[in-house]
Amino acid sequence: MTSVNLVDTYKLTHDCLVKSRSFCSPKMGSKTYLFSRVYKMHIALFCEDPFRINTLADIAHRWGFTHDRDAPFALILTKSSLKLRMLDDLKLGTVYVDFIGGAMGYRRKFGGGKRQFISKAVGLNKGITPTVLDATAGLGRDAFVLASLGCKVQMVERHPVVAALLEDGLHRAQADPDIGGWVRERMSMMHASSEEACTLSVNASSLERPSVVYLDPMFPHKKKSALVKKEMHMLQSLVGADNDADKLFVPAYALATKRVVVKRPKYAQFIAGKVPSLQIESKNTRFDVYVKAAMCQ
């Protein structure tokens with residue numbers, strides 16, 4: 001595995017603001033730009049494919065990563081994908097975004113379609129396909145499920161490492177011959193805080209507002225499957241808990257035209273102490289639904 005020190009190659013000249021990627025636009029899914037803060041984050045950077053060193057350099061420059069061999073986390077660029085590894089706990093393996101195969105590919109084909117709990121929560125029904133702003137996208141799994149069922153989904157992720165992983169997975173999905181067409185049409189992403197994204201969208205009256213704002217804040221889980229345990233442990237160690245999650249409710253509710261959906265563990269309290277209009281429960285998870293207006297065809 002080849003290590004590449006990128007600090008000497010790229011010097012960040014702006015500490016505060018740079019142009020970032022897609023935000024909201026008059027047509028959900030198209031791309032404009034948003035000014036977003038640059039994080040100068042220290043992380044180990046490794047490239048397994050010597051022909052992709054320049055690609056890794058571009059990733060580091062765009063996301064504000066500084067190579068640090070002593071950092072607790074590493075981003076590894078392989079021939080096929082960008083992966084995250086926790087260097088002091090190698091048995092956890094790596095985390096990366098894969099919308100094409102694996103668990104997400106299986107769920108897309110055999111996951112139950114519009115009978116899934118998340119589908120009911122956002123209001124997917126015969127003749128009704130809402131637009132969704134996933135304000136806490138993470139690795140993008142829920143967004144991908146909704147997009148696979150026809151929704152146009154704008155993903156928001158504030159942590160630069162998670163956003164870089166998500167962008168890498170999105171690009172690979174967009175290039176896939178089987179799903180690339182509808183992924184390009186229905187899925188887009190931006191790098192910003194959820195509160196900033198919702199507030200700016202509310203204040204920009206010319207922009208199309210989503211039918212649904214979807215929130216899934218990072219919340220400590222008591223019981224985990226092996227996969228969730230690995231990923232949640234690694235991501236929570238990286239980004240921490242969303243202790244400011246309660247602040248998201250007001251701007252999310254102001255932005256959504258139809259409803260806000262909050263995904264929570266069954267044992268968790270209501271976000272911001274707000275009692276939902278209805279709840280949809282699965283085995284370990286519940287969806288708290290805050291209805292503003294009826295879904296219309």
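Residues are numbered from 1 along each chain as its sequence is written, and side-chain values use heavy atoms, with hydrogens and water left out. Because the model is predicted, local features need pLDDT of at least 70 and side-chain atom pairs count only at pLDDT 80 or more, while totals for chains, interfaces and linings use all residues.

The protein has nine helices and 15 strands; these are DSSP runs numbered from the N terminus, helices being H or I with at least four residues and strands E with at least two. Of its 297 residues, 52% count as buried. Buried means under 20% relative accessible area, exposed over 50%, and partly exposed in between, with a 1.4 Å probe and protein chains only. The accessible surface comes to about 14,400 Å², and carbon and sulfur atoms hold 51% of that surface; the areas come from the Shrake-Rupley method with a 1.4 Å probe, and for residues only the protein chains shown count as cover. Among contacts (heavy atoms within 4.5 Å) with a separation of 6 or more, 68% are between residues 24 or more positions apart.

An open sheet of seven strands runs in the order β11-β10-β9-β12-β13-β15-β14, with mixed pairing. Two strands pair if DSSP finds at least two bridges between them. At the edges stand β11 and β14 (278-281), each with a single partner strand, so one side of each has no neighbour in the sheet. Direction ignored, neighbouring strands of this sheet are turned by 20° against each other on average. The angles run from 0 to 180 degrees between N-to-C directions, and the axes are lines fitted to C-alpha atoms, for helices over the stretch in contact. Strands of a sheet pair through backbone hydrogen bonds, either parallel or antiparallel. Here β9 (residues 132-134) and β10 (residues 153-157) run parallel and are joined by three bridges. Val 132 stands opposite Val 153 in β10. Helix α5 packs on the sheet, where it touches β10 and β11, and its direction makes about 160° with that of β11.

In helix α1 (residues 53-63), the buried residues are Leu 56, Ala 57, Ile 59, Ala 60 and Trp 63. These residues lie on the same side of α1, because they cover an arc of only 160° around the axis; the arc is that of the directions from the helix axis to the C-beta atoms. Their cover includes β4 (41-47), β5 (65-67), β6 (73-77), β7 (82-86), α5 (160-175) and β11 (187-191). Just after α1, Gly 64 takes a positive phi of about 75°. In helix α7 (residues 194-203), Ser 194, Ala 197, Cys 198 and Ser 201 are buried. They cover an arc of only 90° around the axis, which puts them on the same side of α7. The buried residues of α7 pack against β9, β10, β11, β12 (212-215) and α9.

Side chains of opposite charge can pair when their charged atoms come close. A salt bridge is counted when a side-chain nitrogen of Lys or Arg is within 4 Å of a carboxyl oxygen of Asp or Glu, and the count comes to seven. One of them joins Asp 142 and Lys 263, with the closest N and O atoms 3.1 Å apart. This pair links distant parts of the chain, 121 residues apart: Asp 142 is in helix α4 (residues 141-148) and Lys 263 in strand β13 (residues 259-265). Asp 142 counts as buried at 10% relative accessibility. Asp 244 and Arg 158 also meet in a salt bridge (2.9 Å, N to O). They are 86 residues apart, Asp 244 in the loop between α8 (226-239) and α9 (249-255), Arg 158 in the loop between β10 and α5. Asp 244 is partly exposed at 27% relative accessibility, and Arg 158 is partly exposed at 30%. A further salt bridge, between Asp 168 and Arg 172 (3.0 Å, N to O), lies within helix α5, where the two are four residues apart and so separated by about one helical turn. Both Asp 168 and Arg 172 are buried.

Two single residues remain. Thr 94 lies in strand β8 (residues 94-95) and is buried, with a relative accessible area of 18%. Leaving aside neighbours within four places in sequence, Thr 94 is in contact with Lys 83, Leu 84, Arg 85 and Lys 230. Lys 109, in helix α2 (residues 102-110), counts as exposed at 58% relative accessibility.
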